[in-house]
Amino acid sequence: MSDDAILLSHGAGGERMARLIEEVFVAAFDNPTLGELGDSAVVPAQAGRLAFTTDAFIITPIFFPGGDIGHLSVCGTVNDLAAAGARPLHLSAAFIIEEGLALADLKRVVASMKAAADEAQVSVVAGDTKVVPHGAADRLFITTSGVGMVAEGVSVSPARAQAGDAVLINGFIGDHGLAVLCAREGIELDTPLQSDSAPLGGLVGRLLAAAPDTHCLRDPTRGGVAAALNEIAERSGVCIELEEAALPVREAARGACEILGLDPLHVANEGKMLAIVPEAKADAALKAMRSGPYGEDAARIGRVMEGPAGRVQLRTVLGTRRIVDRPVGEPMPRIC
Amino acid sequence: MCLAIPMKVEQIEGPTAVVDAAGTRRRVHIGLVDEVAVGDYLLVHAGYAIERVDEAEARRTLDLLKQLDVEAP
Amino acid sequence: MLKHLDEYRSPELIEALRRELAALGPEPSNLMEVCGTHTMAAARFGLREMLPEGVRLLSGPGCPVCVTPTAEVDRFLAAGALPGVILATFGDMLRVPGSRSNLEGERARGVEVRVVYSPADAVALARAEPDRQVVFFAVGFETTAPTVAMALAEADETGVGNFSILCAHKIIPPALKALAVAGEVNVGGFVLPGHVSAIIGSRPYEFLAREHGVPCVITGFEPADLLRGALMLLRQRREGRAEVEIEYSRVVRPEGNPRAQAAVERVFEACDAEWRGLGTIAGSGLRLREAFSRFDAPGRFGLPMPEPFDPPGCRCGEVLRGVTQPPECTLFAQACTPEHPVGPCMVSTEGTCAAYYKYRRTEEPEP
């Protein structure tokens, strides 16, 4: 292709668009279903329960330390399927491209999506492309939808947490949100932190094999661990108590949080999965997570109690307690 | 208004210094503190060093606190 | 390991301090902190649980963000409506209410709002966008004013003409004086702000001890600092003393930081200022001196001071002075909630009203 930037005509349904689809998307995603370019992807049905999810990705900047919007869009949807206890199977990807986006950038994003999809063992079987005028989108928005199958006997739900359960997480929190925030203009902290963007289908598979009666799974993205656990505490009508000393936070993340006045529990993660399991299965669940990728630093971070219902609280390093609220708005650097 | 943390001076370049807190770093302005040296801990607020941490006083404070611990029944 | 930070969070030291405090016996008294960062620290570490029976830690008017009046926010938003203007602000200000909207709301309507960590970043933004005007919301107490003074000096020296500020800085000692003079609450001791004091030293507070007989301790922000500060205050009371002591000696000198004071003196002068919830306090604000007046955004753009707007029914002033409890305010948990705050006590995520709301919601009394 001679054009080095995406133009409105690339979205107009004509020759240019057909070439863009073939040379960028079909070539990269490389699977026979997509290659057919039918109006819909047709895949074999399977017996059992289907999990179905969708998510839109609007992150800016589109390339950030440790990841990009493409990788995020595949992992985000794969992880939502995994959080339902499903084995992810197929994805669709709809692109809204701002006129003027460099073709090289689009190719880089798509290559990243392919890499994530391969790792997650899913294929992108359907897609859409629109180009909007300059200013109508912030470089690139991607919406991914996904389907997966939930195995027999697996029944995870945010309403299933029970007093006595253990609260587990697969690794360090805060990396993604901090990596993106520190890179922002006007903040510019120099940090070794990288986005933890990762597909967790394999991790969840191991976990469910060791603890099929896992009660809850949730990926703590926007709003961090705080938002995710508040949701579960409310839906299940329980109290969740976290141990500050047990929270896995990298030293550099702690430093960044102290400088900016942020709470690591409020910061977004893109490669993390919270699991609430019956206490009897906690050790086996941890062992299963730790035995493979993205779970080496898995830890027990808290427990579920009877009440007060709907509350998430933290036992601090001093042994005192405080409430953990959902953050109001996106975590921003403070001076106060 | 008061969010400021001690950060260690790694490098000095004219009116600025690169300071570090557990691996996260930032260039800050040091014009409000005199005679800054590499290895100093500076109190950093909103991208400026506003004071130097007095190591001797810090040690004295911790010793006083540890005394309380020792004297406890 | 964060040096000069983590040592003051050692559970053993904290436990020793708690025992010392308990050994003083029950002692009904109100200690008041006047710094938003102290409010946050006390909440973050659950420090109220560690104080002896009867000792209450009150939150005074110490959050410069939260006491920024509605009219000032409206004025800043008005600047944002001008063509070619980029508003630069500390993150804290995004949700502080104006009379109709706030920064976050206006950003959604297309006003360009950039959050910065440092005033220097706002100047750099102006340098990077020579065809735009960058207006910075200069909020904060004496800890922040020197940083803004330095940024202005830099803009001045390097010819960054497209940078200006809306000066909303406030200074603490006049507000403390107003509190002491009002005398409604029996403040048994002031936990004085450690970082403000790193700049201004201990002398500006002497009048509290000498003229009003109130014990004062300049306190740091880590758990060990706060508990030791409380211990020093309660000991002063026990021994019938009223002095200004420095707990945070590793950073605060009696004379403060002369360089920082000079930087502020050069650029700013004192003026009267309105505090959300408290009204106008004489000499409690800063404004730009004549020599730097070209950096004054209201002057440059002809921004009139909007009418003061006191939300009817808001009792933050009384809550900040410690005379009223949140549920006694008719707006509490009705028109005024953490999602739609009216006054500073709810704007601050750890303000008296926000904290009360949070604990009340899950049906347990505030600890």
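This is a predicted model: local features need pLDDT of at least 70, side-chain atom pairs count only at pLDDT 80 or more; totals for chains, interfaces and linings use all residues.
Residues are numbered from 1 along each chain as its sequence is written, with chains lettered from A and ligands numbered from 1 in the order in which they are written.

**Stop 1: chains A and C.** Select the contact (C-beta atoms, placed from the backbone, within 7 Å): 25 residues come from chain A and 40 residues from chain C. On the chain A side, helix H8 (251-260) and strand S13 (321-323) give two or more residues each; helices are DSSP runs of H or I, at least four residues, and strands runs of E, at least two, numbered from the N terminus. H8(A) has the largest share, four residues.

**Stop 2: two helices in chain A.** Now pick H3 (residues 69-83) and H4 (residues 103-120) of chain A, whose axes (lines fitted to C-alpha atoms over the stretch in contact, angles from 0 to 180 degrees between N-to-C directions) come within 7 Å and cross at roughly 30 degrees. That makes H3(A) roughly parallel to H4(A), a label for angles under 35 degrees.

**Stop 3: chain C domains.** Colour domain 1 (25-308) and domain 2 (316-361), bounds that come from an automatic or database domain assignment. Their centres, taken over C-alpha atoms, are 20 Å apart. Across the boundary, 23 residues of domain 1 touch 16 residues of domain 2. Finish on H2(C), which gives the most to the domain 1 side, with four residues.

Technical notes
Two residues are in contact if their C-beta atoms, placed from the backbone, lie within 7 Å. Angles under 35 degrees count as roughly parallel, over 145 as roughly antiparallel, 65 to 115 as roughly perpendicular and the rest as oblique.
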